[in-house]
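Please look through the structure shown here with the paragraphs that follow at hand.

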Amino acid sequence: MSDVIQLLPDTVANQIAAGEVIQRPASVIKELVENAVDAGAHHIDVSVVDAGRTSIQVIDDGKGMSETDARLAFERHATSKIRQAEDLFNLHTMGFRGEALPSIVAVSQVELKTRMADETLGTDIVISGSKLQSQEPCACPQGANFKVENLFFNVPARRKFLKSNATELNHILTAFERIVLVYPEIGFTFHSNGGELYDLRPGTLRQRIVDVFGKRINADLLPLNVETSVCGLSGFVGKPESAKKKGAKQFFFVNGRYMRHPYFHKAVQSVYERLVPQGEQVPYFIYFDVNPHDIDVNIHPTKTEIKFENEQTVYQILLAAVRDAIGSFSGASTIDFDTEGKPEIPLFQSEGDGEGEPFAMPKVDFDPQYNPFNSTPKSPSSFSGGHGTHGGTSIFSGPIQDDSWDKPLSPNTSSPNTFIPDSPASDTLFSGPVQESGAEEIEDKSPSHYQYKGKYIMTAVKSGLMVLDQHRAHICILYEDYMRRLASHKMHSQKVLFPESIDLTPKEMVTLTAIKDDIALLGFELTPVGAATYSINAIPEGFEGVDVISLLHEILSDADTDSQLAKIHERMALSLARAAAIPYGQVLSNEEMENIINQLFQCSNVNYTPDGHATLCIIKQKDIENMLG
């Protein structure tokens with residue numbers, strides 16, 4: 001029997017290795033721009049055609065390469081960054097493996113023009129599918145000019161699985177942002193199909209963040225700066241009011257390298273736990289300065305996973321630093337300290353009124369017979385109407401007479417809008433979702449309902465007490481209504497009296513271009529008034545008072561341009577429903593609560609919102625009886 005194990009040809013081995021490093025056009029941008037940064041460039045130009053499918057070009061003014069280096073750079077594991085294994089733990093460059101350029105030329109056609117500062121002529125080298133086509137002298141400026149064409153031309157399966165141009169361009173812009181946010185001292189430009197998306201001039205880190213994500217984010221940034229013997233921390237965290245459900249800009253960088261780190265993300269989010277609504281996140285741009293010996297970046301080909309030697313210690317430092325930044329922002333009120341130019345108010349003197357007469361203590365009159373639970377108050381000074389901040393309708397039914405003041409309430413006593421104090425209840429009391437018998441439950445519900453803490457609707461049903469989340473229930477109702485309207489093209493728009501303007505980031509511009517017809521179908525009328533600014537001339541009917549700018553940002557952030565039209569409509573309808581749903585704290589009348597309950601049980605999914613949150617639960621009658629013995 002002959003031997004069956006053999007060495008793969010270099011071209012096949014290179015294509016296999018390229019599959020790990022070069023996953024999509026964004027990977028090419030990342031590797032080439034990082035190489036330009038390592039080369040000491042002061043200005044880097046990036047240009048793509050058809051989201052990188054047709055062409056990717058990266059031009060820098062770095063130190064360039066010699067004729068020999070230009071050819072050797074395309075060999076696997078050829079690098080100028082390290083010399084021995086120990087150098088892996090003392091890295092000061094973005095690249096070090098020597099895999100990027102060989103992986104790129106294995107799946108594309110590459111032309112490189114490069115020249116060093118002390119040379120008269122540069123080198124022009126052309127390689128296609130790892131095969132050298134030509135190499136000759138040429139006249140070119142100092143630095144390097146990489147042009148990558150026909151990506152995955154020799155791997156048709158990989159090319160077929162690329163997403164739409166809008167999606168691939170968004171991935172490219174994401175990779176581009178992660179680099180430009182680290183090097184504010186370097187100028188960058190980015191062009192797509194001949195149009196300029198970014199023109200970033202050298203400046204401060206804060207200015208770079210504003211240039212990339214827009215002016216609105218500037219007012220939300222709180223500075224962060226801590227130096228310890230373990231690591232240094234710098235950057236910015238967002239104010240609590242900048243929290244949003246979708247599209248929060250969150251970045252960790254270690255020694256100039258972007259990383260993902262769920263553990264450190266948890267540290268930041270834990271600080272905001274009681275400051276922002278559940279499910280919302282704040283932006284942050286946090287830069288770690290760590291001794292290279294204390295981290296390992298050689299874990300994953302994309303280098304976005306980094307292992308820390310003192311992870312727990314860094315976690316505690318990060319936690320304390322973010323708390324300190326927020327604490328400095330929410331310090332003492334200016335009313336206590338900003339007194340310049342304010343009138344001086346004299347202190348109260350207790351000696352008298354200046355005429356020898358002492359001041360008399362103020363008296364408070366009250367009616368000892370006043371009963372707040374009596375529907376017919378005896379005293380004209382009594383609080384009329386009985387409406388409190390909790391609103392809603394009481395679950396009790398008959399008036400409490402004066403002689404029942406000292407007696408416990410019975411289930412048949414009533415007072416409008418009676419407030420029931422908090423009482424702890426075991427989680428085991430709550431049953432699971434409403435089953436097939438849900439219609440039967442709703443038929444036997446009580447005609448009157450109670451609103452608890454402006455958040456929950458409580459009503460008696462056949463099997464016990466149903467507790468319904470008013471905001472989530474309304475999301476379900478509106479979502480299905482918007483889906484029906486979108487399917488029938490019956491979304492109505494309403495002209496606004498004073499149009500607002502919205503500034504979009506380049507990524508949002510790409511998404512808007514791809515789904516502009518669907519945005520118009522929702523009822524929005526957007527008119528361009530600048531390179532990345534639109535005027536909102538009309539909004540969906542019934543959205544008066546809604547923050548439409550935040551709503552549009554959420555829709556553009558959540559839209560997936562590769563999804564089918566139905567999926568895009570689902571995401572848009574959900575965003576609209578979240579924005580228009582009844583907020584927590586809004587007081588509802590009994591009729592309004594009745595309508596919400598009836599409409600919810602006409603929905604296709606009674607138990608959960610479209611994004612998977614529970615809408616209701618039922619406390620079983622027998623559990624209530626067991627609690628009361």
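The protein contains 17 helices and 22 strands, where helices (H or I, at least four residues) and strands (E, at least two) are DSSP runs numbered from the N terminus. This is a predicted model, in which local features need pLDDT of at least 70 and side-chain atom pairs count only at pLDDT 80 or more, while totals for chains, interfaces and linings use all residues. Residues are numbered from 1 along each chain as its sequence is written, and side-chain values use heavy atoms, with hydrogens and water left out.

Of the 629 residues of the protein, 44% count as buried; buried means under 20% relative accessible area, exposed means over 50%, and partly exposed lies in between, with a 1.4 Å probe and protein chains only. Among contacts (heavy atoms within 4.5 Å) between residues at least 6 apart in sequence, 69% join residues at least 24 apart.

Two packed helices are described by the angle between their axes and the distance between the axes. Here the axes are lines fitted to C-alpha atoms, for helices over the stretch in contact, and the angles run from 0 to 180 degrees between N-to-C directions.

The pair H8 (residues 262-271) and H9 (311-329) can be taken to begin with. Their axes come within 9 Å and cross at roughly 30°, and therefore H8 and H9 are roughly parallel to each other; angles under 35 degrees count as roughly parallel, over 145 as roughly antiparallel, 65 to 115 as roughly perpendicular and the rest as oblique. The crossing of H8 and H9 is right-handed, a crossing being right-handed if the near helix is turned clockwise from the far one by less than a right angle, and left-handed if anticlockwise. On the H8 side the contact includes Tyr263, Phe264 and Lys266, and on the H9 side Glu311, Gln312 and Val314 are among the residues that take part. By class, the residues of this contact of H8 with H9 divide into 11 nonpolar, 2 polar and 3 charged, where Ala, Val, Leu, Ile, Met, Phe, Trp, Tyr, Cys and Pro count as nonpolar, Asp, Glu, Lys and Arg as charged, and the others, Gly among them, as polar. The buried residues of H8 are Phe264, His265, Ala267, Val268, Gln269 and Val271, and what covers them includes, besides H9, the strands S11 (250-254), S12 (257-259), S13 (284-290) and S15 (307-308).

How do the axes of H6 and H13 cross? Helix H6 (residues 165-180) and helix H13 (residues 506-522) have axes that come within 9 Å and cross at roughly 175°, which means that H6 is roughly antiparallel to H13. The contact is made by Ala166, Leu169, Asn170, Leu173, Thr174 and Glu177 of H6 together with Pro506, Lys507, Val510, Thr511 and Ala514 of H13, and by class it has 6 nonpolar, 3 polar and 2 charged residues. H13 also has a kink of about 75° centred on Ile515, the bend at a residue being the angle between axes fitted to the seven residues ending there and the seven starting there. Ile515 is itself one of the buried residues of H13, and the helix is followed by Gly523, whose phi is positive, near 115°.

Helix H12 (residues 470-488) and helix H16 (residues 590-600) pack at an angle of about 55° with their axes 9 Å apart, and so H12 is oblique to H16. The crossing of H12 and H16 is left-handed. In this pair Ala473, Cys476 and Ile477 of H12 meet Ile596, Gln599 and Leu600 of H16, and these residues divide into 5 nonpolar, 1 polar and no charged. His474 also lies in H12, and it counts as buried because its relative accessibility is 16%. Not counting residues up to four places away in sequence, His474 touches Ala580, Ala581 and Ile582.

The loops remain. Ser589 is found in the loop between H15 (565-580) and H16, and its C-alpha atom is separated by 8.7 Å from that of Gln451, 138 residues apart along the chain. With a relative accessibility of 33%, Ser589 counts as partly exposed.

Most residues other than glycine have a negative phi. Ala51, in the loop between strand S1 (43-49) and strand S2 (55-60), has a positive phi near 55° and is buried, with a relative accessible area of 4%. Ser130, in the loop between strand S4 (122-128) and strand S5 (131-138), has a positive phi of about 75° although it is not a glycine, and Ser130 is partly exposed, with a relative accessible area of 25%.
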